[in-house]
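This report describes one protein chain and how parts of its fold are put together.

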Amino acid sequence: MPTEQNPGPAIRVQGLEKSYKQLHVLRGVDFDVARGSIFALLGSNGAGKTTVIRILSTLLRPDAGTATVNGFDVATDPLRVRESISLTGQFAAVDEILSGRENLVLVARLRHLKASGTVADDLLARFNLGDAGSRKVSTYSGGMRRRLDIAMSLIGQPEVIFLDEPTTGLDPEGRLEVWQIVQELARQGTTVLLTTQYLDEAEQLSAVTVLPVEVVTQAFSPSAHSLRGAVRVLR
Ligand SMILES: Nc1ncnc2c1ncn2[C@@H]1O[C@H](COP(=O)(O)OP(=O)(O)O)[C@@H](O)[C@H]1O
Ligand SMILES: [Mg+2]
């Protein structure tokens, strides 16, 4: 059991396996994510990134193996896991018709926070959306939407946040904005597990685990020679 002096990793995954009928997607995935760090699951389309995220966020049961999040086992303690996390899916979940601020207030109220307006204003300022806060989200750029989406996922101060392909579909500027946010989150002690199809992104941000064996060739291509951090290839 983790203690305050020795809190253990934010995420520990051991021997995770998952098949969909005949399709063996995860074959013994192991990795640890240190608290307050950024960790990228790197893999091409269909590699199993979302499957890992769904297991870690208690939406899907693995066939074998164990996973703990914030010290809690996803199989035996799913409620405590859910209290510890937030999940931002692959497609932005913001309401287009509402303003950025209204989106944030809505989530804060759903989470029964008293000072929902203050929570919203603090997040708008922190995510550099103050000026755009009163505008409808339908007028936002892709990067602004993503920032708002991530801001919404922080309401309630989760220890661990999961971002599934947070930069897919964004232009270079939008990607940079998201990277800055992710790095800021980690600086403030939040653990971030994100997925990406882009080597340079994994390199830029974090320790990396590559899923699965098909992408090994990519990882050793010339463009990847400078890959920093711990590159681990899962089979
Ligand atoms: N519910 C499901 N039923 C059957 N196959 C699925 C299901 N979910 C995902 N898959 C398949 O499992 C593989 C991994 O999917 P996924 O985890 O979504 O990959 P990624 O997020 O890396 O693109 C893909 O081939 C996908 O088609
Ligand atoms: Mg996916």
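The text below covers the chain as a whole, then its helices, strands and loops.

This is a predicted model, in which local features need pLDDT of at least 70 and side-chain atom pairs count only at pLDDT 80 or more, while totals for chains, interfaces and linings use all residues. Residues are numbered from 1 along each chain as its sequence is written, and chains are lettered from A and ligands numbered from 1 in the order in which they are written.

**The chain as a whole**

The chain has eight helices and ten strands. Helices (H or I, at least four residues) and strands (E, at least two) are DSSP runs, numbered from the N terminus. Of the 235 residues, 43% count as buried. A residue is buried if 20 or more other C-beta atoms lie within 10 Å of its own, exposed if 12 or fewer, and partly exposed in between, with C-beta atoms placed from the backbone. Among contacts between residues at least 6 apart in sequence, 65% join residues at least 24 apart. Here two residues are in contact if their C-beta atoms, placed from the backbone, lie within 7 Å.

**Helix α3 and its two partners**

Helix α3 has Gly100, Arg101, Asn103, Leu104, Val105, Val107 and Ala108 as buried residues, and the buried residues of α3 pack against α4 and α5. The table gives the geometry of the two pairs. Axes are lines fitted to C-alpha atoms, for helices over the stretch in contact, and angles run from 0 to 180 degrees between N-to-C directions.

| Helix pair | Axis separation | Angle |
|---|---|---|
| α3 (residues 100-110) and α4 (residues 116-126) | within 8 Å | roughly 130° |
| α3 and α5 (residues 142-154) | 9 Å | about 20° |

Angles under 35 degrees count as roughly parallel, over 145 as roughly antiparallel, 65 to 115 as roughly perpendicular and the rest as oblique. α3 and α4 are therefore oblique to each other, whereas α3 and α5 are therefore roughly parallel. The crossing of α3 and α4 is right-handed, and the crossing of α3 and α5 is right-handed. A crossing is right-handed if the near helix is turned clockwise from the far one by less than a right angle, and left-handed if anticlockwise.

On the α4 side, Gly100, Arg101, Leu104, Val105, Ala108 and Arg109 of α3 meet Ser116, Gly117, Val119, Ala120, Leu123 and Leu124 of α4. This contact of α3 with α4 has seven nonpolar, three polar and two charged residues. Ala, Val, Leu, Ile, Met, Phe, Trp, Tyr, Cys and Pro count as nonpolar, Asp, Glu, Lys and Arg as charged, and the others, Gly among them, as polar.

The crossing of α3 and α5 is right-handed, as noted above. Its contact is made by Gly100, Asn103, Leu104 and Val107 of α3 with Leu148, Ala151 and Met152 of α5. By class, the contact of α3 with α5 has five nonpolar, two polar and no charged residues.

Arg109, also in α3, counts as partly exposed because it has 15 C-beta neighbours inside 10 Å. After α3 comes His112, with a positive phi near 60°.

**Strands**

Strands β1 (residues 11-20) and β2 (residues 23-33) pair in the antiparallel sense over eight bridges; two strands pair if DSSP finds at least two bridges between them. In this pairing Ile11 stands opposite Val33, and Glu17 stands opposite Arg27. The two strands form a hairpin with two residues between them, and Lys21 in the turn has a positive phi of about 50°. An open sheet of four strands runs in the order β2-β1-β4-β5, with antiparallel pairing. Its edge strands are β2 and β5 (72-73), each of which pairs on one side only.

Elsewhere, β6 and β7 (residues 160-163) pair in the parallel sense over four bridges, with Ser86 opposite Ile161. In a regular strand the side chains alternate between the two faces of the sheet. In β6 (residues 85-88), Ile85 and Leu87 point one way and Ser86 and Thr88 the other, and all are buried.

**Two asparagines in loops**

Asn70 lies in the loop between β4 (64-69) and β5, and its phi is positive, near 55°. Asn70 is buried, with 21 other C-beta atoms within 10 Å. Asn128 is in the loop between α4 and α5 and has a positive phi of about 55°. With 13 other C-beta atoms within 10 Å, Asn128 is partly exposed.
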